[in-house]
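Thank you for making the time this morning.

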Amino acid sequence: MNLLARLVLAALGGITIYFSHEPHGFFIAGIVGIALFYAALSPWGHRAGAAAQWPSARAGALIGFVHAVAVYLPLLPWVGEFVGALPWIALSIACAMYSMVTGLFGVLVARWRYGYLAFPFVYVAVEAALSSFPYGGFSWVRLAWGQINGPLASLAAWGGPALVTFGVVVAGAGVASAIVAVAQRRAQNASLRPAGIALGAALIPVVVGMVGQYGVYRDGPTTDEVTVAAIQGNVPRMGLDFNAQRRAVLANHVNETTKLADELKQTGGQVDLVFWPENASDVNPFADPEAYAAITKAVTEVGAPTLVGTLTEDEVGDRNTAVVFDPATGPGDRHNKKFLQPFGEWMPMRDFFRKFSSYVDMAGDFKPGTGNGTVRMGDVVVGVATCYEVAFDPAYREAVKNGAQILTTPTNNATFGFTDMTYQQLAMSRMRAIETDRAVVVAATSGASAIVYPDGKVSKISEIFTPAHLVDTLPLRDSVTFAVRYGRYVQWLLVLVGLAVMAAALYASRRGYADGEKSADAEPKSY
């Protein structure tokens with residue numbers, strides 16, 4: 001197989017992986033996409049007696065880059081929805097550069113007899129780096145999110161998204177190795193045993209995931225139940241200027257809450273907790289009496305503690321804040337967003353990036369919070385991960401460790417229009433539900449808002465850019481999953497093994513090159 005064919009195979013694998021992500025959600029596409037990618041990195045023989053053809057490490061880096069670009073370009077166009085194609089393309093290419101490392105070491109470990117068992121560790125290690133550096137990393141593109149509709153999602157309760165990613169790569173690389181082994185068998189009359197072993201390895205994470213569902217998808221332990229409401233007020237217009245419509249957006253959420261209150265009065269029902277989205281009140285109610293009065297009126301009418309997404313300011317600086325308003329006692333606990341979005345809520349190297357785009361000066365200068373990720377709403381402890389925070393492992397894990405019985409993802413997706421962004425983010429909330437064994441209330445300014453059960457299933461969902469309120473009864477949990485307790489150690493272990501694999505692959509490659517200087521026949525053909 002020549003280099004061009006490998007690049008085409010890798011690109012097809014990338015495009016296939018894109019379709020595993022929401023709103024498409026074909027989880028099997030993630031496994032198939034990894035299989036195509038690993039096949040592009042693997043040695044192939046063409047005729048009886050022919051040596052396997054190995055792509056060089058340099059070719060592997062190019063294969064990895066092309067594969068990742070094919071994933072990220074269709075996955076991330078929402079980044080440039082209102083600011084042009086440059087940020088979207090630049091982010092996609094920047095993320096894809098990490099996969100050059102995956103491809104480089106991928107071709108080295110693919111030369112090993114059981115390289116398909118080593119490659120997943122390399123993949124997870126590189127994904128962890130992408131999710132961590134720089135500026136806190138970009139966890140949005142993790143392979144795991146595309147598995148929310150499949151059996152591998154249940155692995156999240158045991159090791160978080162890192163273990164889900166690992167399972168996908170084991171399955172995909174195993175399938176690819178089985179296919180390559182069958183091809184080698186036909187070309188060289190070799191044994192089919194390697195193909196059977198590889199296929200068996202591919203099935204292990206799938207079987208474990210299916211069995212693991214029985215430990216994840218259950219009715220308990222439930223300590224109590226609460227009736228919750230997610231409010232979606234909508235915005236008057238799409239685009240970056242939605243913040244200029246601040247009072248209109250606030251009025252929309254007040255009106256939708258009042259509408260809910262009227263319905264409850266007519267039916268004799270009640271809700272225990274109400275959740276507004278991020279930026280529902282971009283007018284600081286603690287600095288604007290009119291905004292404070294409007295929020296207080298709505299909360300009093302609905303008669304339940306309400307978590308309000310707003311902007312505040314303290315001695316440190318501007319904060320993206322979720323504040324509890326209680327109908328009896330007024331403002332209470334607050335969560336200041338801890339994981340802020342670079343190039344949006346804060347701008348690294350502002351003077352430098354200003355040379356490339358006038359939109360740079362529209363980025364905020366928010367300061368991160370330092371709380372424990374929870375707020376108390378009445379007698380209920382609620383874990384909060386505001387918008388971008390849901391992509392970060394510590395957000396909900398720390399909240400659950402600090403007593404969160406239920407979770408909420410208040411979010412504002414209005415700046416991304418009718419794109420896939422809101423559905424990709426909802427997939428993350430769903431996986432966090434499985435990971436933590438908690439129900440999640442997703443409240444979005446413009447949609448999609450949703451109610452998510454602890455098993456990751458969506459019970460109710462709104463249309464985007466449509467005012468709505470969702471009401472459901474959800475369990476309160478006091479369980480602490482293995483992933484919450486030990487998930488970071490699982491990831492560290494996978495990463496450390498991945499680094500060891502890379503070191504071993506590099507050593508073996510250099511040793512093979514040194515031996516090849518002594519014997520022209522020591523190395524099979526590479527390019």
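Predicted model: local features only at pLDDT ≥ 70, side-chain atom pairs only at ≥ 80, totals over all residues.

Residues are numbered from 1 along each chain as its sequence is written, and side-chain values use heavy atoms, with hydrogens and water left out.

Let me begin with Pro-43, which sits in the loop between helix H2 (27–41) and helix H3 (57–75); helices here are DSSP runs of H or I with at least four residues, strands are runs of E with at least two, and both are numbered from the N terminus. Pro-43 counts as buried because its relative accessibility is 14%, where buried means under 20% relative accessible area, exposed over 50%, and partly exposed in between, using a 1.4 Å probe and protein chains only. Although Pro-43 and Arg-111 are 68 residues apart along the chain, their C-alpha atoms are separated by 6.7 Å.

Now to the peptide bonds: Phe-133 and Pro-134 are joined by a cis bond with omega about -10°, and the bond from Gly-447 to Ala-448 is also cis, with omega near -5°. Pro-134 belongs to the loop between helix H5 (115–130) and helix H6 (156–188), whereas Ala-448 is found between strand S9 (440–444) and strand S10 (450–452), again in a loop.

Finally, which value does phi take in Asn-234? It is near 75°, which is positive in a residue other than glycine, and Asn-234 is buried, with a relative accessible area of 10%.
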